[in-house]
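Colleague: I'd like to learn how to read a structure like this one. Can you walk me through it, one feature at a time?

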Amino acid sequence: LSIQEARTLATQARDAQRKFLHATQAEVDRICAAMAQAAADAAVTLGKMASEETGYGVPEHKTLKNLLSSQLLWEAIKDIPTVGVIRSDKQKGTYDIAWPMGVVAALTPSTNPTSTTMYKTLIAVKAKNAIVVAPHPFAAKCCAETIRIMTEAGERAGMPKGLISCMTNVTLQGTQELMKHKYVALILATGGSDMVRAAHSVGKPAYGVGPGNVPAYVDRSADVPKAA
């Protein structure tokens with residue numbers, strides 16, 4: 001059931017993303033704004049739900065992080081252009097044209113399930129991608145509820161059906177099927193070291209965030225204060 005769900009959601013996401021390709025910047029931003037507001041409005045409820053389901057964290061702290069990953073995130077990215085020509089250099093004669101990756105597979109952790117789901121959904125859709133969330137088994141209900149709330153708001157604002165979704169039959173095999181699926185173009189993996197390692201071994205672009213701080217190399221050519 002989990003493997004089949006992964007296939008079904010990936011296919012639905014691909015079909016919806018093809019329709020979404022024609023969206024204007026105004027349409028994209030209207031959809032994202034609606035989803036961000038809906039997530040922020042449900043921040044308290046989802047924070048409590050995440051804490052109760054996983055046994056991790058303090059509900060009030062979860063609420064703050066939910067607000068950070070919805071309302072405050074949207075304030076930070078809303079004016080970034082993501083459709084069509086986003087910058088040009090007349091002297092060099094070059095143009096930068098924004099183009100989506102396609103379908104994003106988003107693995108979310110048990111430690112910050114609802115806020116990570118909000119964050120990845122907003123950044124994916126802002127860049128005209130589709131997204132399928134594969135939650136940690138211990139946080140499947142609160143992640144599914146987060147996506148349900150954001151889906152309803154997004155679709156009311158004109159988002160194609162199936163553009164965002166969440167697996168409900170969560171297994172390791174199902175998550176692996178999602179990551180390896182031919183329609184998935186990018187993996188955003190947040191969680192334990194083994195899971196992040198698995199995401200990077202699939203053979204397609206993957207951003208992995210595991211426990212602890214990542215090492216960073218600062219080149220001698222860098223503006224050191226800015227890099228810090």
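Colleague: Let's start with a single side chain. Does K19 count as buried or exposed?

Modeller: Keep in mind that this is a predicted model. The cut-off for exposed is over 50% relative accessible area. K19 has 60% relative accessibility, so K19 counts as exposed. You'll find K19 in helix 1, which covers residues 2–20.

Colleague: And how far is K19 from A185, counting between C-alpha atoms?

Modeller: The two C-alpha atoms are separated by 17 Å, while along the chain K19 and A185 are 166 residues apart.

Colleague: Now give me a contrast. Is T63 buried or exposed?

Modeller: Here the other cut-off matters: buried means under 20%. T63 comes out at 13% relative accessibility, so T63 counts as buried. T63 belongs to helix 4.

Colleague: Which residues does T63 touch, leaving aside its neighbours within four places in sequence?

Modeller: Look for A43, V44 and G47, which are in contact with T63.

Colleague: Okay, helices next. At what angle do helix 3 and helix 5 cross?

Modeller: Roughly 130 degrees, with the axes coming within 8 Å. Helix 3 spans residues 43–54, and helix 5 spans 113–126. To put a word on an angle, you check which range it falls in: over 145 is roughly antiparallel, and 65 to 115 is roughly perpendicular. Helix 3 and helix 5 are therefore oblique to each other.

Colleague: Which residues meet where helix 3 and helix 5 come together?

Modeller: On the helix 3 side, pick out L46, A50 and T54; on the helix 5 side, P113, T114 and M118. Sorted by class, the residues of this contact are four nonpolar and two polar, with no charged ones.

Colleague: Now the empty spaces. What's the general idea?

Modeller: You roll a probe the size of a water molecule over the atoms, and that shows where empty space is left.

Colleague: How many cavities of 30 Å³ or more does the structure hold?

Modeller: One. The largest cavity has about 30 Å³ of space. Its lining is K62, K65, N66, N112, T114 and S115. T114 is a residue you've already seen in the contact of helix 3 with helix 5.

Colleague: Which element gives the largest share of that cavity's lining?

Modeller: Helix 4, with three residues. Helix 4 (59–77) and helix 5 each supply at least two. The lining of the largest cavity has four polar and two charged residues, and no nonpolar ones.

Technical notes: Residues numbered from 1 in each chain as written. Predicted model: local features only at pLDDT ≥ 70, side-chain atom pairs only at ≥ 80, totals over all residues. Heavy atoms only, no water. 1 Å grid on protein atoms, 1.4 Å probe; cavity = no way out; pocket = protein on both sides within 12 Å on 5 of 7 lines; lining within 4 Å. Points joined across faces, edges and corners; volume = space filled by probe spheres on them. Helix = DSSP H or I, 4+ residues; strand = E, 2+ residues; numbered from the N terminus. Nonpolar A, V, L, I, M, F, W, Y, C, P; charged D, E, K, R; others polar. Axes fitted to C-alpha atoms, helices over the stretch in contact; angles between N-to-C directions. Parallel < 35°, antiparallel > 145°, perpendicular 65-115°, else oblique. Contact = heavy atoms within 4.5 Å. Buried < 20%, exposed > 50% of the residue type's maximum accessible area, 1.4 Å probe, protein only.
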